[in-house]
Amino acid sequence: KQKLKEKGQQAVQHIFKDFVAKDNFSDLITSAKLKYLLTELVLRVQKNVSQETALVEKIYGYIKLNVESIKSNDEIADYFGYHPVYIGNVFKKITGKTLHQARIEEKINLACLWLTKTNRPVEDIAISTGFSSRNHFCTVFKSRIGVSPLQYKKQNQ
């Protein structure tokens with residue numbers, strides 16, 4: 001990163017030297033170099049965004065496949081080989097949600113599926129989806145869905 005920063009500073013210095021020359025040829029050179037520099041910056045930003053988007057898609061896939069067993073955001077970061085703060089920031093930047101919110105959302109989606117497609121008791125679903133207790137599960141479920149797990153089950157069977 002330091003070498004890249006130094007290269008950028010050198011490029012700007014060369015452009016500035018051409019700019020202060022005050023002749024038509026120097027103006028053309030300055031304009032062309034600035035356009036090139038801006039194009040390079042835009043391409044780098046797009047590349048970083050697309051890499052971040054791809055990472056977030058992978059994280060979502062990982063969460064969906066492992067929602068029952070993921071205990072913390074650190075586990076996700078470890079799996080992908082990034083620092084938890086970095087991965088959390090990238091995820092929030094791209095999705096507008098925290099990793100925790102995405103995990104809870106997937107837990108509730110899985111719980112909804114199990115509530116409507118199985119006869120498992122609510123306590124079993126709560127524990128299987130990774131909630132610490134039935135009470136905590138019911139509180140989170142009701143705040144997200146608007147009804148209790150039992151009411152949801154009755155309404156959707």
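Starting from the N terminus, the elements of this chain run α-α-α-α-α-α-α-α. You're looking at a predicted model, so local features need pLDDT of at least 70 and side-chain atom pairs count only at pLDDT 80 or more, while totals for chains, interfaces and linings use all residues. Residues are numbered from 1 along each chain as its sequence is written, and side-chain values use heavy atoms, with hydrogens and water left out.

Let's take in the whole chain before zooming in. Of its 157 residues, 28% are buried. Buried here means under 20% relative accessible area, exposed means over 50%, and partly exposed is whatever lies in between, using a 1.4 Å probe and protein chains only. Then there are the contacts, meaning heavy atoms within 4.5 Å. Taking the contacts between residues at least 6 apart in sequence, 52% join residues at least 24 apart.

Now for a pair of helices. Helix H5 covers residues 99–117 and helix H7 covers residues 134–145; they pack at an angle of about 95 degrees, with their axes 11 Å apart. The axes are lines fitted to C-alpha atoms, for helices over the stretch in contact, and the angles run from 0 to 180 degrees between N-to-C directions. Because of that angle, H5 is roughly perpendicular to H7. The scale behind that wording calls angles under 35 degrees roughly parallel, over 145 roughly antiparallel, 65 to 115 roughly perpendicular, and the rest oblique. On the H5 side, the contact is made by Gln-101, Ile-104, Glu-105, Ile-108, Ala-111, Cys-112 and Leu-115, and H7 brings Phe-137, Val-140, Phe-141, Arg-144 and Ile-145. Sorted by kind, these residues come to 9 nonpolar, 1 polar and 2 charged. For that sorting, Ala, Val, Leu, Ile, Met, Phe, Trp, Tyr, Cys and Pro count as nonpolar, Asp, Glu, Lys and Arg as charged, and the others, Gly among them, as polar.

Which residues does Ile-125 touch, not counting those up to four places away in sequence? They are Ala-111, Trp-114, Leu-115, Arg-120 and Phe-137. Ile-125 has its place in helix H6, and with a relative accessible area of 0% it is buried. Its C-alpha lies 8.9 Å from that of Leu-110, a residue 15 places away in sequence.

Ser-128 is also worth a visit. You'll find Ser-128 in helix H6, which spans residues 122–128. Ser-128 is buried, at a relative accessible area of 19%. Its side chain makes a polar contact with the side chain of Arg-120 at 2.5 Å. A polar contact is a pair of N or O atoms within 3.5 Å; within protein, one must be able to donate a hydrogen and the other to accept it, and residues adjacent in sequence count only if both atoms are side-chain atoms. Setting aside neighbours within four places in sequence, Ser-128 is in contact with Glu-68, Trp-114 and Arg-120.

Side chains of opposite charge can pair when their charged atoms come close. The rule used for a salt bridge is a side-chain nitrogen of Lys or Arg within 4 Å of a carboxyl oxygen of Asp or Glu, and by it the count comes to 4 salt bridges. One of them joins Asp-124 to Arg-120, with the closest N and O atoms 2.7 Å apart. Asp-124 is partly exposed at 31% relative accessibility, and Arg-120 is partly exposed at 24%.

Another salt bridge pairs Glu-105 with Lys-97, where the closest N and O atoms are 2.8 Å apart. Glu-105 is partly exposed at 27%, and Lys-97 is partly exposed at 23%. Lys-97 also turns up, along with Thr-98, in contact with Lys-92, a residue of helix H4.

Not counting residues up to four places away in sequence, Glu-52 touches Tyr-86, Val-90, Lys-93 and Ile-94.

Definitions and conventions:
Helix = DSSP H or I, 4+ residues; strand = E, 2+ residues; numbered from the N terminus.
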